[in-house]
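This briefing goes through the fold, the overall dimensions, the surface and one set of paired strands. Please read it alongside the sequence and the model shown here.

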Amino acid sequence: MATEAGSRWYVVQTHVNSETKAAANLDRQGFAVYLPRYLKRRSHARKIETVARPLFPRYLFVAIDVATQRWRSIQSTLGVSHLVCWSGHPASVENSVIDALRAREDDGGFIKLARRFGFAPGDKVRITEGAFVDNLALVEGVSDHERVAVLLDLLGRKVRVLVGADLIAAA
């Protein structure tokens, strides 16, 4: 998905949850499109699944040669909210930014995110999902790359519970 000579990358804002639809419609019109995605663990109805999510929700990149391509048609593309512009001209993104994003992709084309939880033992956290939603807890430790051991105050006692690292937030 290299850009043609004279083309630069620009930012397109999409409608909510329409990144894939917008990318497909822009591609159908002959534009080179880049929608960086990553894999997210999601728990729903007692099952955990991995789903592809956009790295920048509601945004994607499109390669345009503003001198030769009819770029204004992007504004009326299904799934597209608008092309991000400054003073009536599309706002460009340096090729190095796109290259850096692509360099972080795995074999499946998904961006590899660094797993940093930012929690240390003794930190106060709030559980954001699951059976203990909105309960406050203390971080006891990180058990592995996916779960964090927390101490919940239940019925006057400290109870150790393992929760997904993506299910807690700083209190």
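**Overall architecture**

The protein contains two helices and 14 strands. Its radius of gyration is 21 Å, well over the 16 Å that the globule rule gives for 171 residues, so the protein is more spread out than a compact globule. The model is a predicted one, and the points below should be read with that in mind.

**Dimensions and contacts**

- Taken along the principal axes, the box filled by the C-alpha atoms of the protein is roughly 70 × 30 × 30 Å.
- Among the contacts in the protein with a separation of 6 or more, 55% are accounted for by residues 24 or more positions apart.

**Burial, surface and charge**

- Of the 171 residues in the protein, 34% are buried.
- The accessible surface of the protein amounts to about 10900 Å², and carbon and sulfur atoms contribute 51% of that area.
- The side chains of the protein include 24 positive and 18 negative ones, and the centres of these two sets are 5 Å apart.

**Strand β5 and its partners**

- Strand β5, which spans residues 59-64, is mostly covered, with five of its six residues buried.
- Strand β1 (residues 8-14) pairs with β5 in the antiparallel sense over six bridges, and within this pairing Arg8 has Ile64 of β5 as its bridge partner.
- Strand β2 (residues 32-34) also pairs with β5 in the antiparallel sense, here over three bridges, and Ala32 stands opposite Ala63 in β5.

Note on methods:
Residues numbered from 1 in each chain as written. Predicted model: local features only at pLDDT ≥ 70, side-chain atom pairs only at ≥ 80, totals over all residues. Heavy atoms only, no water. Helix = DSSP H or I, 4+ residues; strand = E, 2+ residues; numbered from the N terminus. Rg over C-alpha atoms; globule rule 2.2 N^0.38 Å. Buried < 20%, exposed > 50% of the residue type's maximum accessible area, 1.4 Å probe, protein only. Contact = heavy atoms within 4.5 Å. Areas by Shrake-Rupley, 256 points an atom, 1.4 Å probe, with all protein chains shown as cover. Lys, Arg positive; Asp, Glu negative; His and termini not counted. Charge placed at Lys NZ, Arg CZ, Asp CG, Glu CD. Pairing = 2+ DSSP bridges.
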